[in-house]
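Good morning, and thank you for coming.

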Amino acid sequence: FLAVVSLDTMSSVRAYVGGEALWSKGQKDALYYLTRYTETGNELAYQRHLNAIAVPIGDRDARIALEQRPPDLAAARRGFLQGGNHPDDIAGIIWLYQNFREIGYLKRAIQNWTATDASLLQIADLAATIHADISNGSLSREAIENYKAQIDHINRHITPLTIAFSQSLGEGSRAIKTVLTIVNVFAAALLIALMLWHTRNLVAQRRSFETALKAEKERAQITLASIGEAVLSTDADGKLDYVNPAAERLIGRRAADAYGLPLASLFRIVD
């Protein structure tokens, strides 16, 4: 169970790191294509900007959905899908966020992630304004330079937050890996100790049984040797394996030579 939980947790951490890479690429591409669109007015550049900005916006919407009480898991799933995350990873991403968001490095990573929301909204609003001006044909060279300056300002503001988000998430993933490794090593050592303790008890119990069986056998032999009736015993194949002294006196010393022979052979010897 511990191994399964550890693997699921590491898989979720891996998904988070992969999602952060898509998030960072999305916001960088959004600024790049917005700049291209501002310079050229090419509608294809604007569509690429919209596709790129949809990635970090989707992740933002998913995080907001998970912050609700109760969390809107369906909206969170839609947001993470929009963010380019693999469908099989989304359940783990949601689980990790809900259970570890207040812990150490992951908490700091989420804080850095949240701090970028304002810049993302600025990018979206600025893009809509630029698109409206270009569509109206009223974008002058001075306006183009002004918009490019605003894009550059947003980029300078969001870049440190993006780097901090990536670094803190990387530190968090390494910290979680270290903790899980320690826990699994400790659990393995505990299981080995329990196994050795249990094995020692089994060996001691077996020795106790053997001692008791030996003592019981000795008492039985003493009892058989002391009674006056003749006692003979055979094994499962019908061969003689025990004759008490009374039986030896009754049938003669030759019985001593008959051990290991069928009981019928003893009777022939006696006859």
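Why are arginine 141 and glutamate 145 separated by about one helical turn? The reason is that the two residues are four residues apart in helix 7. Please bear in mind throughout that this is a predicted model.

Let us stay with this pair for a moment. Arginine 141 and glutamate 145 form a salt bridge, with the closest N and O atoms 3.6 Å apart. Arginine 141 has a relative accessible area of 53%, and because the cut-off for exposed is over 50%, arginine 141 is exposed. Glutamate 145, with a relative accessible area of 41%, is partly exposed. An α-helix has 3.6 residues a turn, so residues three or four places apart point the same way.

Aspartate 29 forms a salt bridge with lysine 25, and the closest N and O atoms are 2.7 Å apart. Here lysine 25 is exposed, at a relative accessible area of 51%, while aspartate 29 is partly exposed at 23%.

The structure holds 11 salt bridges. Another of them joins the side chains of aspartate 89 and arginine 14, at 3.0 Å from N to O. Since aspartate 89 lies in helix 4 and arginine 14 in helix 1, the pair ties together parts that are 75 residues apart in sequence. Is aspartate 89 buried or exposed? Aspartate 89 has a relative accessible area of 18%, and it is therefore buried, the cut-off being under 20%. Arginine 14 counts as partly exposed, at 46% relative accessibility.

I now turn to helix 5, residues 104-115. This helix has 12 residues and reaches 17 Å from its first C-alpha to its last, close to the 16 Å expected at 1.5 Å a residue. Which residues of helix 5 are buried? They are Leu106, Ala109, Ile110, Asn112 and Trp113. These residues cover an arc of only 160 degrees around the axis, so they lie on the same side of helix 5. The buried residues pack against helices 1, 2, 3, 4, 6 and 7.

A pair of aromatic rings is described by the distance of the centres and the angle of the planes. The count of aromatic pairs comes to five. In one of them, the rings of tryptophan 23 and phenylalanine 165 have their centres 5.4 Å apart and their planes at 90 degrees, so the pair is edge-to-face. Tryptophan 23 is in helix 1 and phenylalanine 165 in helix 7, so this pair links distant parts of the chain, 142 residues apart.

In another pair, tryptophan 113 and phenylalanine 165 have ring centres 5.8 Å apart and planes at 10 degrees, so the pair is stacked. This pair also links distant parts of the chain, with tryptophan 113 in helix 5 and phenylalanine 165 in helix 7, 52 residues apart.

What sits over the ring of tryptophan 113? The charged end of arginine 63 does, 4.9 Å from the centre of that ring.

Thank you for your attention.

Notes
Residues numbered from 1 in each chain as written. Predicted model: local features only at pLDDT ≥ 70, side-chain atom pairs only at ≥ 80, totals over all residues. Heavy atoms only, no water. Expected span 1.5 Å × (residues − 1). Buried < 20%, exposed > 50% of the residue type's maximum accessible area, 1.4 Å probe, protein only. Arc of directions from axis to C-beta. Contact = heavy atoms within 4.5 Å. Phe/Tyr/Trp six-rings, centres within 6.5 Å; stacked < 30°, edge-to-face > 60°. Lys NZ or Arg CZ within 6 Å of the ring centre and 35° of its normal. Salt bridge = Lys/Arg side-chain N within 4 Å of Asp/Glu carboxyl O.
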